[in-house]
Amino acid sequence: MLFVMIGIFAYRVYGVVYPPPPPKWAALPAPMAELPSDPAQMQGIEIPGDPPVRPPMDVPGSYAMLYNHNPFWYYSGQQKQNNKPDVTAADLNIKLVDIQNAGGQLRARLRTESATKWYSENDQFEKYELQKIDPDNNTVEIYSERYARTFTLSK
């Protein structure tokens, strides 16, 4: 076993002392300061195309259903019986100010307790999600995570 290890070591030392000749690579052209204006010279240069479009950075969906309706508890989907009146859209303290079409995308301007901002469909803000904008009827549908239901606001 010792002689085999000495033989391998000797072979490696021989490879370091007498290395194999380096491979013959093609010579690279010198870089150009400016691109040529002649189309024939442009054919010889390989210019990469445009980069791919960046994927959208949106969240796939609302995760409120995971903690509003626990799939591991039998009574999670049932509503509690209480004597409180039903919550209406006016109780949310959200007001629809305006609806506009900006660049082919519908946007709604909503006034909440803290701010007045423009929102697109499926945008989440505070504890709500803007699900649908209807410019014909001047209404929007807002999903409330707190109440686990959808409310319709009109202008």
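Q: Hi! What should I know about the model and the numbering before we start?
A: Residues are numbered from 1 along each chain as its sequence is written, and side-chain values use heavy atoms, leaving out hydrogens and water. The model is predicted, so local features need pLDDT of at least 70 and side-chain atom pairs count only at pLDDT 80 or more, while totals for chains, interfaces and linings use all residues.

Q: Great. In what order do the strands of the open sheet come?
A: The order is β4-β5-β6-β7, 4 strands with antiparallel pairing. Strands here are DSSP runs of E with at least two residues, helices are runs of H or I with at least four, and both are numbered from the N terminus. Two strands pair if DSSP finds at least two bridges between them.

Q: And which strands sit at the edges?
A: Those are β4 (124-125) and β7 (149-154), each pairing on one side only.

Q: How many bridges link β6 and β7?
A: Strand β6 (residues 139-144) pairs with β7 over 6 bridges, in the antiparallel sense. Y143 stands opposite T150 in β7.

Q: What about β2 and β3?
A: Strand β2 (residues 105-111) and strand β3 (residues 116-120) run antiparallel, joined by 5 bridges. A hairpin of 4 residues connects β2 to β3, and L110 has K117 in β3 as its bridge partner.

Q: Switching to rings: how many aromatic pairs are there?
A: The whole structure has 4. Rings of Phe, Tyr and Trp (its six-membered ring) pair if their centres lie within 6.5 Å; planes under 30 degrees apart count as stacked, over 60 as edge-to-face and the rest as tilted. One of the pairs is F125 with Y128, with centres 5.8 Å apart and planes at 40°, so this pair is tilted.

Q: Which cluster do those two belong to?
A: F125 and Y128 form one aromatic cluster with Y119.

Q: Are F125 and Y128 buried or exposed?
A: Both F125 and Y128 are buried. Buried means under 20% relative accessible area, exposed over 50% and partly exposed in between (1.4 Å probe, protein chains only).

Q: Back to pairs: what do Y147 and F151 form?
A: Y147 and F151 form an edge-to-face aromatic pair, 6.1 Å centre to centre with 85° between the planes. Y147 counts as partly exposed because its relative accessibility is 29%, whereas F151 counts as buried at 3%.

Q: Last topic: where is V17?
A: V17 lies in helix α1 (residues 2-17). With a relative accessible area of 51%, V17 is exposed.
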